[in-house]
Amino acid sequence: MSDDEQATWQAYVRLRQRLDGAISAGLAEDGLSLADYELMVALSAAANGCLRAKELATEVCWEKSRLSKHLARMDARGLVERRPAEEDARGIIVQLTPQGRVALERAAPNHVDLVRRVFVELMTPGEARALRALADKVVTEVEQVTELGA
């Protein structure tokens with residue numbers, strides 16, 4: 001990479017690391033990890049608060065083993081429950097529990113405030129549009145590359 005390319009990449013890496021760290025610390029104050037929150041948000045957005053484990057893994061870009069281990073920890077804490085799919089005994093349905101929904105709703109206001117403070121409010125409307133456009137381009141390219149197995 002050229003010096004400029006390397007500087008751009010390293011700026012992104014620092015941004016991602018610092019944002020993840022700040023958001024993780026903020027969520028920890030409400031008893032959740034960033035991983036918990038990502039899974040709970042995906043489940044809360046789904047019909048009836050549940051998804052097949054395979055669909056949830058795809059939604060959050062996780063491998064099956066990582067998801068399985070994390071869901072076991074969340075299940076033990078009462079945040080989610082797992083059960084066999086009625087139509088396919090090999091499939092697993094993951095559902096946000098009432099306790100999980102309460103935990104998500106309790107954490108959400110603090111999380112939103114932090115995201116606004118350390119990210120959203122730092123951008124002009126034009127910068128926000130440019131970031132969304134760049135994110136869309138990168139996501140599209142990454143999805144094409146990963147589908148090709150390259």
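Two strands count as paired if DSSP finds at least two bridges between them. I start from that rule and apply it to strand 1 and strand 3, which pair in the antiparallel sense over three bridges. The model I am reading is a predicted one.

**Entry: the chain as a whole**

I looked up the make-up of the protein chain and found six helices and three strands. Read along the sequence, they follow the pattern α-α-β-α-α-β-β-α-α. I noted the span of the C-alpha trace along its principal axes as about 55 × 40 × 25 Å. The chain has 150 residues, and 29% of them count as buried.

I then looked at contacts with a separation of 6 or more, and residues 24 or more positions apart account for 50% of them. The accessible surface comes to about 10,400 Å², and carbon and sulfur atoms hold 55% of that surface. For charge I have 20 positive and 24 negative side chains, with the centres of the two sets 4 Å apart.

In what order do the three strands form the open sheet? I read the order as 1-3-2, with antiparallel pairing. Strand 1 (50-52) and strand 2 (80-84) stand at the edges with a single partner strand each, so one side of each has no neighbour in the sheet. From one strand to the next, the twist averages 25 degrees.

I checked the individual pairings next. Strand 2 is joined to strand 3 (residues 92-96) by five bridges, and the two run antiparallel. Within strand 3, Leu96 is the residue that stands opposite Val80. Leu51 has its bridge partner in strand 3 too, namely Val94.

Is strand 3 largely enclosed or largely open? I find it largely enclosed by the rest of the structure, because four of its five residues are buried.

**Entry: helices on the sheet**

Which strands does helix 2 lie across? I traced helix 2 (residues 34-45) across strand 1, strand 2 and strand 3, and its direction makes about 95 degrees with that of strand 3. Helix 3 (residues 53-60) also packs on the sheet, where it touches strand 1 and strand 3. I noted about 95 degrees between the directions of helix 3 and strand 1.

**Entry: two residues**

I looked up Arg18, which has its place in helix 1 (residues 3-28). Is Arg18 buried or exposed? Its relative accessibility is 55%, so I list Arg18 as exposed, the cut-off being over 50%. I also checked Arg18 against Val118: the two are 100 residues apart in sequence, yet their C-alpha atoms are 9.8 Å apart in space.

My other residue was His111, which lies in helix 5 (residues 98-118). With a relative accessible area of 15%, His111 is buried, since buried means under 20%. What does His111 touch, not counting residues up to four places away in sequence? I listed Ile23, Leu27 and Tyr37.

Technical notes. Residues are numbered from 1 along each chain as its sequence is written. This is a predicted model: local features need pLDDT of at least 70, side-chain atom pairs count only at pLDDT 80 or more; totals for chains, interfaces and linings use all residues. Side-chain values use heavy atoms; hydrogens and water are left out. Axes are lines fitted to C-alpha atoms, for helices over the stretch in contact, and angles run from 0 to 180 degrees between N-to-C directions. Contact means heavy atoms within 4.5 Å. Buried means under 20% relative accessible area, exposed over 50%, partly exposed in between (1.4 Å probe, protein chains only). Accessible areas come from the Shrake-Rupley method with a 1.4 Å probe; for residues, only the protein chains shown count as cover. Lys and Arg count as positive and Asp and Glu as negative; His and the chain ends are not counted. The place of a charge is taken as NZ of Lys, CZ of Arg, CG of Asp or CD of Glu.
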